[in-house]
Amino acid sequence: MAGVYVHIPFCKSRCIYCDFFSTTSLPLREKYVDALCHEIELRSQGLSAEERRIETIYLGGGTPSQLSIEQLRRIFDAVFAFFQVNGEAEITMEVNPDDVNAVFLQEMQSLPVNRLSFGIQTFNDERLRFIRRRHTAQQAINVVHACQAAGFGNISVDLMFGFPKETMADWEKDIETALSLGVQHISAYSLMYEEGTTLTRMLQAGEIEEIDEELSLQMFRTLVERLKKAGFEHYEISNFALPGKRSRHNSSYWHGIPYYGFGAGAHSYDGNRRTWNVEDLHLYIKGVETAQLATEGETLTLEQKYDECVMVGLRTCEGVDLDAIQKEFGKESLAYLLENAQPHLDAGKLCIEQNRIHLTEDGIYTSNDIISDLMRV
């Protein structure tokens with residue numbers, strides 16, 4: 001079965017670190033939803049019954065909660081009308097804490113959403129203002145509790161660490177606050193300085209300084225140790241879940257399962273070819289209206305497939321299946337992987353168990369270098 005990703009690019013304001021495709025052109029929301037529903041219909045045409053079977057749906061952004069309940073309902077209606085959604089499908093929606101009120105929460109009950117993902121980032125109000133998030137720490141806490149009281153039993157929160165001037169004590173407080181919420185899933189990322197973002201311009205102008213690399217690494221170590229102690233599985237480098245609560249949708253990306261991406265800037269993958277819609281709202285809408293979707297794409301070479309298999313596989317706790325490497329890419333690729341893995345095996349940063357190669361706990365902290373060594377390109 002495949003997954004469905006729906007991109008909602010609208011934001012009330014932009015965070016200074018974000019490099020995802022987004023827009024503050026909120027008056028275009030209704031027209032965009034019209035185009036989105038039409039794209040879903042167009043893309044479903046000609047698919048076989050098997051290709052229409054859907055296991056997961058994920059509404060991301062941007063800010064999906066910037067749409068009205070009626071607009072969200074129309075999107076779900078389109079997916080369910082033109083695809084065969086598994087009755088036990090995981091259906092996730094990203095939500096900003098400041099978009100949730102009693103009315104919104106009550107109306108959410110009419111949607112098929114069974115998993116919520118909150119971009120909280122930090123529980124420190126000063127840092128929230130710095131990155132231009134619209135919610136406060138207390139608001140985030142209150143909203144998570146309100147959603148739990150409303151019956152949502154599968155909630156994920158995003159955290160960030162490595163803010164300028166952040167201390168270990170600051171980070172430990174964020175971890176403990178997140179754990180106190182009783183959520184089922186936590187994603188945690190180091191603050192990244194992406195090209196073209198306001199955050200990077202501030203860095204280049206000397207207005208802020210990056211956190212010390214060793215402190216950032218220790219923050220990650222502390223995160224791993226504390227969440228494991230709390231019963232969370234560290235199932236992907238940046239993702240932690242209570243047993244049975246892994247993100248099934250994101251896991252499909254890491255295991256090479258095909259997915260459909262709908263909306264401006266959304267990516268799709270069929271196992272051989274990757275395609276993506278143009279990151280331009282007007283071109284996207286015009287393309288859908290004329291039934292000539294504004295897309296680009298590439299067919300992956302065998303080397304590219306090998307690299308992706310290694311890269312995403314080593315990010316997971318299961319690692320890379322060595323039998324699958326030989327079957328899909330040949331003995332030469334398996335020999336290449338093992339030869340380049342040997343120094344890291346000797347150093348105790350990789351290990352092989354049940355014919356799968358995976359990072360050890362020590363290896364996780366230098367994963368980028370290890371993964372790079374095992375890739376061909």
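The protein has 15 helices and 15 strands. Helices (H or I, at least four residues) and strands (E, at least two) are DSSP runs, numbered from the N terminus. This is a predicted model, in which local features need pLDDT of at least 70 and side-chain atom pairs count only at pLDDT 80 or more, while totals for chains, interfaces and linings use all residues. Residues are numbered from 1 along each chain as its sequence is written, and side-chain values use heavy atoms, with hydrogens and water left out.

**Overall form**

The C-alpha atoms fill a box of roughly 55 × 50 × 45 Å, taken along the principal axes. The radius of gyration is 21 Å, which agrees with the value near 21 Å for a compact globule of 377 residues. That radius is taken over C-alpha atoms, and the globule rule is 2.2 Å times the number of residues to the power 0.38.

Buried residues make up 51% of the 377 residues. Buried means under 20% relative accessible area, exposed over 50%, and partly exposed in between (1.4 Å probe, protein chains only). The protein exposes about 17500 Å², and carbon and sulfur atoms supply 48% of that area. Accessible areas come from the Shrake-Rupley method with a 1.4 Å probe; for residues, only the protein chains shown count as cover.

Take contacts between residues at least 6 apart in sequence: 69% of them join residues at least 24 apart. Contact means heavy atoms within 4.5 Å.

**Helix H1**

Helix H1 covers residues 29-44, 16 residues in total. From first C-alpha to last, H1 reaches 23 Å, close to the 22 Å expected at 1.5 Å a residue. The expected span is 1.5 Å times one less than the number of residues.

Which residues of H1 are buried? They are Tyr32, Val33, Ala35, Leu36, Cys37, Glu39, Ile40 and Ser44. An α-helix has 3.6 residues a turn, so residues three or four places apart point the same way. The buried residues of H1 pack against strand S1 (2-8), helix H2 (69-82), strand S9 (259-262), strand S11 (273-277) and helix H10 (281-289). After H1 comes glycine 46, whose phi is positive, near 85 degrees.

**Polar side chains**

| Side chain | Partner side chain | Distance |
|---|---|---|
| Threonine 56 | Histidine 249 | 2.8 Å |
| Threonine 122 | Arginine 127 | 3.4 Å |
| Threonine 122 | Aspartate 174 | 2.8 Å |
| Asparagine 355 | Aspartate 323 | 2.6 Å |

Threonine 56 is found in strand S2 (residues 53-61). Threonine 56 is buried, at 3% relative accessible area. Beyond its neighbours within four places in sequence, threonine 56 is in contact with Ala2, Gly3, Val4, Glu90, Arg248 and His249.

Threonine 122 sits in the loop between strand S4 (115-121) and helix H4 (125-130). Its relative accessibility is 0%, so threonine 122 counts as buried.

Asparagine 355 lies in the loop between strand S14 (350-353) and strand S15 (356-359). Is asparagine 355 buried or partly exposed? Asparagine 355 is partly exposed, with a relative accessible area of 33%. Leaving aside neighbours within four places in sequence, asparagine 355 is in contact with Val320, Asp321, Leu322 and Asp323.

**Cysteines**

How many disulfides does a search of the whole structure find? The search finds 0. A disulfide is a covalent bond between the sulfur atoms of two cysteines. Here the cut-off is a pair of cysteine sulfur atoms within 2.5 Å.

The sulfur of cysteine 309 is 15 Å from the closest cysteine sulfur, in cysteine 317, too far for a bond. Cysteine 309 is partly exposed, at 26% relative accessibility. For cysteine 351, the closest cysteine sulfur is also in cysteine 317, 12 Å away and too far for a bond. Cysteine 351 is buried, with a relative accessible area of 19%.

**Backbone details**

A cis peptide bond joins glycine 61 and glycine 62, with omega about 15 degrees. Glycine 62 is in the loop between S2 and H2.

Arginine 132 is not a glycine, yet has a positive phi of about 65 degrees. Arginine 132 is found in the loop between H4 and helix H5 (137-149), and is partly exposed at 46% relative accessible area. Alanine 291, not a glycine either, has a positive phi of about 60 degrees. Alanine 291 is found in the loop between H10 and strand S12 (295-299).

Note on methods:
A polar contact is a pair of N or O atoms within 3.5 Å; within protein, one must be able to donate a hydrogen and the other to accept it, and residues adjacent in sequence count only if both atoms are side-chain atoms.
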